[in-house]
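I opened a new notebook page for this structure. My plan is to look up a few side-chain details and write each one down.

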Amino acid sequence: MDSTSQTPLSEDNCNVATQHSALFSALEQLKLSSSTRQKISPVDVAVISVERYLAPSNVNAKTDNISCTDVYAYDLIVTDGLWQVKCKLSTSLHNLLLRNILRSGIHVRILELVLIYDERRLGQSFVRINNLECTSGVSDVFLTVKNLDALSVWTNNDARTLSIIKMDLPLDAGRKHYLPLWNNEDPHGTVWSPNCSPVDVVFDVSKICLVADLEFFYVRGKPPRPILVRVMHKSRLRHYGKPTTSIDFPYQAYFEVADQSGVISMVLWNEVCVEWYHKLNVGTELYLNRYTLKQAYQQRSRPKMNNSLMFFNSIEISLNPESAVMSVIPPRKVQPQWCLPEVSYLFHTRSEIENLCNNTVVDVIGLVTFVGRTERLRSRGNAVPDRFWTYRWVHAVDGTSESPFILEIFSTSQPDMFNSIHPMALLVCTQMRVCCEQGSHRYLTSSAETQVFTTGYHKNQPYQSQPKVKAFIQWVKTQKDRDILAKCTVGGYYCCPSPQPTFTLNTDQSSAETKILALEDLKRELDSLQYREHKRVIIQGHIMTVKYHTWPVRTRELTHNAPQQKQQVEASVVVASTSLTPPSEGQVVESEGRQTGRDTPESSDSSAGVPRKRKRALPLKRKMKRHYITRARALTQRENPMNLLLDDEDESEEEEGAPEPQDQSSEQASQSAATVDSSSGTNNHGSTEHRSVHSPDTFWQSSLIPASVLEAIEHVRAAGDLHRESVAECFCFDDQELHLRQINLHPSRWSPELYPPQHKAHPPAACHGYYTLTILGLNQQVAVDALFLPVWSSKDPRAASMSWSCHDNSFLSCLMSGHLCPPPNAADPTDTPCPTPEEVMSSAASLEQEHVVCMLDLCLLGDGKTEVICSKVYRMSDIITPQTNSAQ
């Protein structure tokens, strides 16, 4: 938190705040107590921010009980609406943060505080929270406090501690900066110098040398002369800090710079990164002086360049805080006689990607049609545990092919651009690498040198003059927004690359991708998941039960409601069903003596997932469905918000449709058909029985083991019912910020614009229902539930990365292919209606005694919700075991 702009309260207001502040009273009581550890009366506070940093290397282990696995420490800023205080969080509570249960914006009840003194320093202390209770939802404190920076800051009469708070530094001594909450690559905090306009500098051009001359200085051991260069490529930041090191800013960043004689690598170290990383962009002209030359590190990746310049890769320019002197030259002062090379690009169209080899480097530009949720991937083989990469999947079209670019974009140390990617945006990605996987369409993945630019950030970028960029802009201007919007989706479970058709077993089990996990170990894998961490595991066993659940009809029928229609829609929805009002935890509505339980998909809006019981075999159900659906439709039409690459967006216009009238008496009569259970959002995958009240529409159970025996087996029920976050939604341009908030990671600091007062539900893109599989281990001791979400049509974003193959629509074929197959004589096989779920389930008996290998995708969505989805099923005949040479 940046508290430099805080305005202190007046003396009268401060006295009033002190008298009524429970937080202030508890802190003062702690300060005056003879014991530093004190349990207090519960104090209700709101969490303003959560900050993460490397645990100090010289901390007293007895003071904070830090074990060797507690690599990171966390500071919280909390407030009761009158006072605020920055506290350190006890390591015993870290698991709440890792699972995103304790997060910014929520209500917290503090139960125990500790005052910690640093006995190796004078006048330095801080407060630590030892025990607390969390609740979900935005705290009511933020509804009354308009300016958080105006709140008084409590300290232990310690000027140094107050200075630390104002300078946005960690409370515990030994660290000088905060890390991002969910990865280590993004610059985070106020210590990073912003990108600002370069100032005029004076330099002597007559004393400069060329890049080609630097090897001479390095070999002779002489100090190199100044050089004038242009930045050609920029890498992401690398954080190399460890708990055992005491470097203040352990960062490194590579830049490729060039003049007329060639290209050389330039590396920034430590504080130089903090000061200069934001100021140096592709195309920036630099004057370098007092730098050092070192032997180049050969094991790193390097960008590919589309020019004839010579690349000097035996040495590199090193800029250290002790000696580096460099200046950014304003563009107006760059002289043509310097002959600085133009930035080169490797733009390819979507149609050209099909002809490229694996690992080919390309630059692409496209119109975004799908943005997946941000997920995290644990970095393997790193010296620092719990290090994660953040990434997301994006689709973009350029008009040269029916297929989109499939982009796997990892964090590029550009958090603003990474978090603002949305459908209908113009996206440029440089230095992407082509990936060719068997059974999946080609996709592009980012590299260490990838840079991402989206709408709002294209101005003055060097690629604007590229012919393919200009051709793409002309194509965009010919498109109708309404047609593009109809294809735009966001979020949901996304699996790419698709699993290979055959499973190759590595005999030594050394590869994590081919290692089969015992079901007894699956619970440990689930317990180890952190917030939005994606993990793929492989298990084997027998499928014992299959249940099909329809996805609520109303979530499919809703369209983008205009603000003017909201009251009409809400009025008709209230009449439609009492199930639209969320009940208390565990509440189940019974009707006519028969209980029909349903879980509402997790959503911030209670009307987002209204359950519907629908069976194709019952005409009455179809009749009741017509009464449930609210047919309010609004057609959003905009005048080309995507047709400019230079940050200018046109004003939008909307066309609205009126809701159709409904039969109120019929809606009231059909209230008893729906039931809601709000407890599905807190799934436990331990021994506690999971209460799933979403009754299946169709059901099959194997006769291999009696039901009574199956009930006695240890059952891992982490999957539960389908979560709303697992289903891709249709994109509404008016709700762009709401979409981004839902698919981005939870922010470290609370902000009013991140929590709009109105929550709106959006229809799923292409989801008619899902299956729940119960997989029993070969030893018949543990069973696990997993969801199967087949691809129903080409409107599902997952269809773009999937090889669409024909099969007989048996349930086993659907499990093996991941999709349902329409009739082979269909004109458009991807959009032809698929067979009914009852028809597919009729062949589930073929699973009897079938030994299968299942590929499961695990993801902790946060707030206690775990996603367990079966992405692929292999029969034993599809398993390939490499032959060993033992017989030779």
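I began with charges over rings. The charged end of arginine 376 sits over the ring of phenylalanine 388, at 4.0 Å from the ring centre. I noted that this is a predicted model. I then looked up arginine 52, which lies over the face of tyrosine 72. Here the distance from the ring centre is 4.4 Å.

Next I turned to ring pairs. How many aromatic pairs does the structure hold? I found 25. I picked out tryptophan 192 and tyrosine 251, an edge-to-face pair. Their centres are 5.0 Å apart, and the planes make an angle of 80°. Where do the two partners lie? Tryptophan 192 is in the loop between α6 (159-166) and α7 (214-220), and tyrosine 251 is in strand β9 (residues 251-259), so the pair ties together parts 59 residues apart in sequence. Buried or exposed? Both tryptophan 192 and tyrosine 251 are buried.

I looked up another pair, tyrosine 548 with tryptophan 792. It is edge-to-face, with 6.5 Å from centre to centre and 70° between the planes. Tyrosine 548 belongs to strand β24 (residues 534-550), while tryptophan 792 is in the loop between β33 (782-788) and α20 (811-817), so this pair ties together parts 244 residues apart in sequence. I marked both tyrosine 548 and tryptophan 792 as buried. They also belong to a cluster linked by ring pairs, together with Tyr771, Phe788 and Phe811.

Then I went to the cores. The largest nonpolar core has 71 residues. Which members touch the most others? They are Met266, Leu268, Leu288 and Ile317. Strand β1 (residues 37-54) gives the most to this core, with 6 residues. A second, separate core has 50 residues, including Tyr493 and Val782. I also checked leucine 268 for contacts beyond four places away in sequence. Among them are Tyr251, Phe255, Trp276 and Met326. Tyr251 is thus a contact of leucine 268 as well as the ring partner of tryptophan 192.

Last, I checked the backbone. The peptide bond from cysteine 496 to proline 497 is cis, with omega near -5°. Proline 497 is in the loop between β22 (489-490) and β23 (503-504). Arginine 532 is not a glycine, yet its phi is positive, about 55°. I placed arginine 532 in the loop between α13 (522-528) and β24. Arginine 532 counts as buried, at 5% relative accessibility. Asparagine 809 also has a positive phi, near 65°. Asparagine 809 is in the loop between β33 and α20. At 15% relative accessible area, asparagine 809 is buried.

Note on methods
Residues are numbered from 1 along each chain as its sequence is written. Side-chain values use heavy atoms; hydrogens and water are left out. A nonpolar core is a set of buried Ala, Val, Leu, Ile, Met, Phe, Trp, Tyr and Cys residues joined through side-chain atoms within 4.5 Å. Buried means under 20% relative accessible area, exposed over 50%, partly exposed in between (1.4 Å probe, protein chains only). Helices (H or I, at least four residues) and strands (E, at least two) are DSSP runs, numbered from the N terminus. Contact means heavy atoms within 4.5 Å. Rings of Phe, Tyr and Trp (its six-membered ring) pair if their centres lie within 6.5 Å; planes under 30 degrees apart count as stacked, over 60 as edge-to-face and the rest as tilted. A charge sits over a ring if NZ of Lys or CZ of Arg is within 6 Å of the ring centre and within 35 degrees of the ring normal.
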